[in-house]
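Biologist: Hi! Could you walk me through this one?
Modeller: Happy to, here it comes.

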Amino acid sequence: MESFSVLSDGNVKSSEEDWLTAVMPLLKVLSLTIIGLVLAHPKLQVLTKATFRLLSKLVFVLFLPCLIFTQLGQSITLENFILWWFIPVNVVISTAVGCILGYLVAIICRPPPQFFRFTIIMTAFGNTGNLPLAIVGSVCHSRKHPFGPNCHTNGVSYVSFAQWVAVILVYTLVYHMMEPPLEYYEIVEEGDEIEEVNANDLSRPLLVEAEWPGMEDKETEHCKTPLIARVFASLSNISQSTIPDVGSLQEGGPNSPKSIRCLVEPKVVRKIRIVAEQTPIQHILQPPTVASLLAIIIGMVPQLKSFVFDYDAPLSFITDSLSILAGAAVPFVLLILGGMLAEGPLESKLGIRTVIGIIVARLLILPLIGIGITLLAGKMNFLVPGDLMYRFVILLQYTTPSAILLGAIASVRGYAVSEASALLFWQHVFAVFSLSLYIIIYYNLVLPYV
């Protein structure tokens, strides 16, 4: 009896330690976020909105690229590049599954018609960058994590390796899905003045530009118009007289090479080409993406890697300096997140039923589907054998709230800006509880069996 009692006490103690090990990293994330919230609180205003915007630019341009370059460059090799193939593929899978869930939410919850596509994209596209990096950094800072000695390097590398796919999806699929609906687009007459966007306008919510500072410089002539709808209007029953002229999208006179080419091209091909030309694919080359590409190129060439990343490499003093700067990335990301949440939610016309539907689908249902996909991928030998961090990052791609970058895209497109801000606010509030729940589930029920 005594031995059974000791064994029982040991099991209870072990179970409590497992729960504490799972929750502790998220408590650290929450603590830093609360500090940022307090610093930005309107009654205190220790740090102003202008300061938080400056911090956002520093993270985006300096700290985050340094973190990605130093960690991904050290761990990537040609063999790993091939071995890690499922991580970027999983971003596409999670987005596709999220689109299906978002469509079901839109059908069931019936948001206002102008927010139908918005509901789908806010359910589909999760945060695959800053928040997973913060969670991985916090997890690896704990003593009793199950991810081995290279926890932080591997975790940051896996998250960074997936980012280029996420960025491509943002500037193609998400960008066009977030265009203003044609039925609700107000045409500006020639005599009317268009209000200019002030780059230093502090009235714009911090939440809609935290992951894309300086977005006002990326706005183009047609970014706030229903481009696809008006280009393909001739294929539908919509009257061409009710929409802006598409001819302004085509350069050159009647005898120009472009004009001659358009005479030969089929109508549908020409319209697809016009949409492709107006897709801001050039914005993919942002500092974090450039850092990822450089790290992959240098890491896959052994001679370059030994010249830059080895302990006694000639350029080791540069990588050491970048590593020092990289250490500031995660704390500042969480402080900025707290500053964003301090602003509170804006007014939204989305409807409480749709907001709850998106939160439930994104934070509760999608992670369950992600568990099933990860278990299936493990049985099909798609995952790196014996690497728990690899599995953990894949599971996180289904667990995080909607990407904050969606708020920036909404602002650039001039579509559902306040709705995006309010929804992102409530998602991140409830993500505290959903992430706690699922990290406990991953630690105790999923990772031991994948």
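Predicted model: local features only at pLDDT ≥ 70, side-chain atom pairs only at ≥ 80, totals over all residues.

Biologist: Which residues in helix 4 meet helix 15?
Modeller: In helix 4 they are Phe86, Asn90, Ile93, Ser94, Val97, Gly98, Leu101, Val105 and Cys109. Among their partners in helix 15 are Arg353, Gly357, Ala361 and Ile369. Contact means heavy atoms within 4.5 Å, and helices are DSSP runs (H or I, at least four residues) numbered from the N terminus.

Biologist: How many nonpolar, polar and charged residues has that contact?
Modeller: It has 13 nonpolar, 5 polar and 1 charged residues. Here Ala, Val, Leu, Ile, Met, Phe, Trp, Tyr, Cys and Pro count as nonpolar, Asp, Glu, Lys and Arg as charged, and the others, Gly among them, as polar.

Biologist: New topic: what is Met389 in contact with?
Modeller: Leaving aside neighbours within four places in sequence, Met389 is in contact with Val136, Cys140, Phe147, Cys151, Asn154, Gly155 and Tyr158.

Biologist: And which residues of helix 11 are buried?
Modeller: Pro288, Thr289, Ala291, Ser292, Ala295, Ile296, Ile298 and Gly299; buried means under 20% relative accessible area, with a 1.4 Å probe and protein chains only.

Biologist: What do they pack against?
Modeller: They pack against helix 2 (49-75), helix 3 (78-83), helix 7 and helix 12 (302-308).

Biologist: How many residues has helix 11?
Modeller: Helix 11 (residues 287-300) has 14 residues.

How values were computed. Residues numbered from 1 in each chain as written. Heavy atoms only, no water. Helix = DSSP H or I, 4+ residues; strand = E, 2+ residues; numbered from the N terminus. Expected span 1.5 Å × (residues − 1). Buried < 20%, exposed > 50% of the residue type's maximum accessible area, 1.4 Å probe, protein only.
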